[in-house]
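Colleague: I have a few questions about how the terms are used for this protein. Please set each value against its cut-off.

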Amino acid sequence: MNILVINSGSSSLKYQLFKMPEKTPVSSGLVERIGEKGSAVPDHRVALQQVIAELSEGENAVIKSTHDITAVGHRVVHGGELFSAAVIIDEDVKRQIKKLFSLAPLHNPANYACIEVAEQTFPDAIQIAVFDTAFHQTIPENAYRYAIPESYYKEHGIRVYGFHGTSHKYVSEQAALWLKKPEAKLITIHLGNGCSMAAVNAGKSVDTTMGFGPLSGLMMGTRSGDIDPSVIFHLMEHSGYTLDQLSTLLNKQSGLLGVGGSGDMRDIRKRVAQGDEKAKLALELYAYRIKKFIGAYAAVLNGLDAIVFTAGVGENDADMRSSVCRNLDYLNIVLDENKNRQYKKVLTEINTEQSKVKILIIPTNEEYEIADQCYKLLNP
């Protein structure tokens, strides 16, 4: 069964083609800088058409025609409260995804555009949506409700939804298998351009750092993470900021970029090496937020078997892992610096032998997780 997975971010589109149930993709690729100044790829529609050409044309073609695709699995960032599992896309599902545009304005419109292009391009294929929020639908009410009048939850759906669920689900399952402990208490730490953490108890998400939208919690590449709402009121009242300006400030001009001068962790590291104090502060803020939530989630879980680092920064930045794990011996989290530096792109345990809590690096595989959910939906 050929399942094409489309994972579209705000400015990127990753794809992998799986011949399920095989775990290794037969083809994969990435289109970056979508919609950015000077890019040859103006939007996600053009990006997906480029992907289709790569799959079906030239000497590296892996399909003869679009009819060879059985299903297309789409990563959709926001599923609200309606979707707690993968679903076959019909007109009603599309309406619901559209309704949620305002909750994930950087992502859901791009996800929706890719669904429409895929429907036209692969008319025989079953289109399936896998939601980033679905894994977090197990969070209890005392964790997902905000302390505002109930009517705002009932009438407007204002609550914690959580994101990166596909990644948190995949790495937490891999960690439980590694530990041979299905009931494991885990903290999963997804650090990419977007960053989030989840407290996972026996395979179920019980809390997460992102909330109503993918802006809260950790400091990110260009997103602020947690900020006192009074700051927003202050800027509106005293500096005349509009909603658009505030959204741009907090989503696109903050985080590593706002504090350290670049939204890319690799650039921040170079700036630190050159003696840039602002970049150094950015790293300190970034690590501090992660450490703070490790403490909070250890309390929520009432114990801890492992912490898991994943995604671009989590997997590749040994210095950040070292900063996060420093001075956590009270929680029995003790990093082995030699193991930390020897990561080889596979699941790696980087704690000392004396550390009661395991520290794991697990490469996330959102695309395979999406393909697997699609396969299981079609083969119950």
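Modeller: Buried residues make up 49% of the 380 residues in the protein. Bear in mind that this is a predicted model.

Colleague: What makes a residue such as Gln16 buried or exposed?

Modeller: Buried means under 20% relative accessible area. Gln16 has a relative accessible area of 16%, so Gln16 is called buried.

Colleague: Where does Gln16 sit, and what is Gln16 in contact with, leaving aside its neighbours within four places in sequence?

Modeller: Gln16 is in strand 2. With those neighbours left aside, its contacts are Ile3, Leu4, Val5, Pro25, Ser27, Ser28, Asn365 and Glu367. One of these, Glu367, is also among the buried residues of helix 15.

Colleague: How far is Lys292 from Lys180, in sequence and in space?

Modeller: The two are 112 residues apart in sequence, and their C-alpha atoms are 28 Å apart.

Colleague: How do you know that the span of helix 15 is close to what is expected?

Modeller: Helix 15 covers residues 366–378, which is 13 residues. From its first C-alpha to its last it reaches 18 Å, and 18 Å is also what is expected at 1.5 Å a residue.

Colleague: Which residues of helix 15 are buried, and what covers them?

Modeller: The buried ones are Glu366, Glu367, Tyr368, Glu369, Ile370, Ala371, Asp372, Gln373 and Cys374. Their cover includes strand 1 (2–8), strand 2 (13–19), strand 4 (71–76), strand 6 (126–131), helix 6 (165–179) and strand 7 (185–191).

Colleague: Why does the radius of gyration agree with a compact globule?

Modeller: For 380 residues, a compact globule would have a radius of gyration near 21 Å. The protein has 21 Å, so the value agrees. The C-alpha atoms fill a box of roughly 55 × 55 × 45 Å along the principal axes.

Colleague: How many helices and strands does the protein have, and what share of its contacts with a separation of 6 or more is between residues 24 or more positions apart?

Modeller: There are 15 helices and 12 strands. Residues 24 or more positions apart account for 64% of those contacts.

Conventions:
Residues are numbered from 1 along each chain as its sequence is written. This is a predicted model: local features need pLDDT of at least 70, side-chain atom pairs count only at pLDDT 80 or more; totals for chains, interfaces and linings use all residues. Side-chain values use heavy atoms; hydrogens and water are left out. Helices (H or I, at least four residues) and strands (E, at least two) are DSSP runs, numbered from the N terminus. The radius of gyration is taken over C-alpha atoms; the globule rule is 2.2 Å times the number of residues to the power 0.38. Buried means under 20% relative accessible area, exposed over 50%, partly exposed in between (1.4 Å probe, protein chains only). Contact means heavy atoms within 4.5 Å. The expected span of a helix is 1.5 Å times one less than its number of residues.
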